[in-house]
Amino acid sequence: MRLLKVATCNLNQWAMDFDCNLKQIKESIAMAKQAGAVIRLGPELEVTGYGCEDHFLELDTVSHAWECLKDILLDDWTDGILCSIGMPVIKGSERYNCQVLCFNRKIIMIRPKMWLANDGNYRELRWFTAWKQKDQLVDFQLPVEISEHISQKSAPFGYGFIQFLDTAVAAEVCEELFSPVPPHADLALNGVEVFMNASGSHHQLRKLDLRLRAIIGATHTRGGVYMYSNQQGCDGSRLYYDGCSCIVVNEDVVAQGSQFSLKDIEIVVAQVDLDAVASLRGSISSFQEQASRKTIVPSVAVPYKLSESFNLKTCPSSPLEIKYHCPEEEIAFGPSCWLWDYLRRSGASGFLLPLSGGADSSSVAAIVGCMCQLVIKEIANGDEKVKADAIRIGNYTDGQFPIDSREFAKRIFYTVFMGSENSSEATKSRAKVLADEIGSWHLDVSIDGVVSALLSLFQTLTGKRPRYKGDGGSNIENLGLQNIQARIRMVLAFMLASLLPWVHNKPGFYLVLGSSNVDEALRGYLTKYDCSSADINPIGSISKQDLRSFLRWAATHLGYSSLADIEAAPPTAELEPIRTNYSQLDEVDMGMTYEELSVYGRLRKIFRCGPVSMFKNLCYRWGARLTPLEVADKVKHFFKYYSINRHKMTVLTPSYHAESYSPEDNRFDLRQFLYNARWPYQFRKIDELVQELDGNKVAIEEDHVKLGAISHGGGGMGVAAAGSGNPNVGI
């Protein structure tokens with residue numbers, strides 16, 4: 001047996017915070033060495049942080065990365081352990097996303113990324129060049145300030161692997177695993193047994209299974225030890241990197257890290273048997289045949305033995321059951337961890353949430369409550385870093401620290417019910433009960449006086465006073481009155497967030513949380529600069545349907561039982577007067593259901609459908625219950641309001657990314673915000689298709705009538721029967 005102990009890790013790096021990142025890289029190496037590992041793999045671009053974006057274009061960023069690497073190489077961090085460290089490297093005039101493979105205080109090889117992530121949230125081609133030479137390793141001159149200190153002038157650069165005395169090891173960087181022809185295929189045929197994938201992969205609902213299937217599939221037909229490392233946490237933007245570093249041997253997962261955690265460093269270690277890889281490959285005839293005529297991949301020889309021989313003190317790691325979270329747990333834990341990172345790194349002292357008692361704001365409140373529970377759990381487990389952050393944020397003194405989630409929430413979380421004459425007692429009560437369950441500092445405020453003052457000012461200026469539609473006002477008046485209430489709530493929320501800490505003798509400021517969901521944003525069913533305008537929004541790309549499922553789950557699993565009543569209540573904005581014959585409901589207001597909005601969103605974004613393609617798809621999907629004309633009306637209605645309201649996405653609060661049909665226009669959904677909302681060409685094409693389909697339907701019905709008549713000898717009986725409402729009589 002050739003026994004090899006390897007370590008991979010989840011690291012919570014912070015873009016451009018080199019001190020923090022270097023410290024955590026060193027700690028992870030130390031933890032790997034302490035566990036006896038001889039290979040340590042870190043996340044992609046771990047030195048700088050993955051989310052630097054246009055900071056990668058600055059020479060300083062690359063220079064600082066080299067300085068950090070020099071710091072690592074000058075000490076004993078890499079003695080006896082192969083370390084794969086991610087950082088940007090400039091070669092000539094090109095900038096590359098690289099894994100620098102270091103061993104015994106030397107750079108053994110620099111591996112540039114060959115296939116760059118450049119869709120969805122990723123824009124790597126904006127900052128990096130893809131390495132295209134696959135037939136040779138070139139000589140890279142190390143920066144002078146590095147070479148002088150480590151006594152090494154150059155290092156091999158390019159696509160290749162490291163050949164040790166007893167095994168071969170290679171890097172495969174993030175997106176390369178998911179490419180149509182991944183590098184690990186050729187590398188395996190060249191004898192590489194250990195693959196190291198450094199990744200920067202963000203969380204998205206229901207996505208983890210796709211990632212793990214790709215990792216497992218990499219060793220399914222070709223064997224091997226596949227190490228996967230990922231960043232975990234919020235590194236400065238809308239994304240949450242969800243960790244789940246793992247080690248796979250011959251398609252068996254033998255070690256798996258957490259997907260959601262408040263820990264800054266997590267090491268995943270496994271003892272693997274390299275002979276098991278060789279044995280599997282030797283048993284696959286097609287592998288043997290293809291290996292005999294492989295494309296040669298260049299390598300670097302290192303005269304060092306990594307593995308141990310058979311002994312009873314070490315035992316290979318056994319396969320384990322993969323841990324998956326259900327979508328409701330993902331909604332609870334992902335945004336909670338993201339909020340904690342944002343809170344502790346922003347310098348804020350807590351959160352303020354306008355809590356209406358509806359499903360969306362209650363979901364946000366429950367997520368903050370979940371965050372408080374996670375903090376208390378980690379403190380109880382002995383995490384000193386979480387404890388120190390909680391003491392600082394909660395303003396604890398005299399050796400005190402949080403031991404109860406409700407008490408901690410009281411210190412860092414304000415909820416405010418901003419009621420008006422249009423608010424119901426039911427929503428007011430639900431907000432109060434939920435706040436009590438979570439433990440937030442809850443306020444009940446009436447905004448009627450401010451609304452009245454503004455309307456009086458308007459009347460003084462114009463001589464007119466607007467009325468609600470139910471009181472005989474026009475649609476313009478009705479919408480204006482709703483917008484006044486919504487925008488006053490935003491102004492009041494920010495005022496309270498900045499001044500309430502002062503009132504209660506607390507340091508700092510509070511972050512305002514938004515609570516609009518992805519479906520409302522897609523349809524534009526929100527007021528520009530209302531309570532959807534906040535500092536950050538943890539549910540901004542989560543669908544209404546998923547949120548309602550989360551509320552049912554959280555009522556039981558988080559202990560907030562009032563969420564069950566909130567979920568059961570019909571969604572309403574409560575911006576119009578409640579009448580005996582009228583109650584404002586979201587889905588009636590929008591002219592479409594939340595379920596339909598999810599369908600529109602997926603077709604528009606994921607399947608890249610314009611109006612005509614969406615109409616065709618929905619004719620298949622909804623054809624059993626809707627006519628082509630009804631489908632056409634729905635598609636036109638959606639695209640009309642989507643395009644009218646697209647401008648709202650330009651000022652949408654930065655939101656946690658969780659859904660593949662998010663309309664967020666910062667970098668994920670790059671579409672214009674000024675449309676011809678009539679869509680004249682596209683809607684005309686839909687009308688033509690409807691006429692064509694209706695014409696075919698008439699022709700088919702006429703054929704059925706004729707066939708019915710023929711089957712009855714040409715008499716009038718068949719025609720009469722068909723005309724009675726059943727065209728299939730006689731067939």
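Predicted model: local features only at pLDDT ≥ 70, side-chain atom pairs only at ≥ 80, totals over all residues.
At a relative accessibility of 0%, I110 counts as buried. I110 is found in strand β5, which spans residues 106–112.

Which residues does I110 touch, once its neighbours within four places in sequence are left aside? They are W66, V89, C98, Q99, V100, F140, L142, P156, F157 and G158.

Setting aside neighbours within four places in sequence, F157 is in contact with V89, K91, Y96, C98, I110, P112, W131, L137, V138 and F140.

Let me turn to the helices. Helix α9, residues 327–346, and helix α10, residues 359–380, have axes that come within 8 Å and cross at roughly 75 degrees. The two helices are therefore roughly perpendicular to each other. On the α9 side, the contact is made by I331, A332, F333, P335, S336, C337, L339, W340 and L343. On the α10 side, it is made by I367, V368, C370, M371, L374 and V375. By class, this contact has 14 nonpolar residues, 1 polar residue and no charged residues.

The second pair consists of helix α11, residues 384–394, and helix α12, residues 405–412, whose axes come within 9 Å and cross at roughly 45 degrees. That angle makes α11 oblique to α12. Here A390, I393 and G394 in α11 meet F408, R411 and I412 in α12. The contact of α11 with α12 has 4 nonpolar, 1 polar and 1 charged residues.

Next, the cysteines. How many disulfides does the structure hold? The number is 0. C174 is in no disulfide, and the nearest cysteine sulfur, that of C246, is 13 Å away. C174 is buried, with a relative accessible area of 8%. C246 is likewise in no disulfide; for C246, the nearest cysteine sulfur is that of C244, at 5.8 Å. C246 is buried, with a relative accessible area of 0%.

Finally, I come to the backbone. Most residues other than glycine have a negative phi. E53 has a positive phi, near 55 degrees, and is not a glycine. E53 lies in the loop between β2, residues 39–41, and α2. Is E53 buried, partly exposed or exposed? At 26% relative accessibility, E53 counts as partly exposed. R608, also not a glycine, has a positive phi of about 55 degrees. R608 lies in the loop between α20, residues 594–606, and α21, residues 611–622. With a relative accessible area of 64%, R608 is exposed.

Definitions and conventions
Residues numbered from 1 in each chain as written. Heavy atoms only, no water. Axes fitted to C-alpha atoms, helices over the stretch in contact; angles between N-to-C directions. Helix = DSSP H or I, 4+ residues; strand = E, 2+ residues; numbered from the N terminus. Parallel < 35°, antiparallel > 145°, perpendicular 65-115°, else oblique. Contact = heavy atoms within 4.5 Å. Nonpolar A, V, L, I, M, F, W, Y, C, P; charged D, E, K, R; others polar. Disulfide = S-S within 2.5 Å. Buried < 20%, exposed > 50% of the residue type's maximum accessible area, 1.4 Å probe, protein only.
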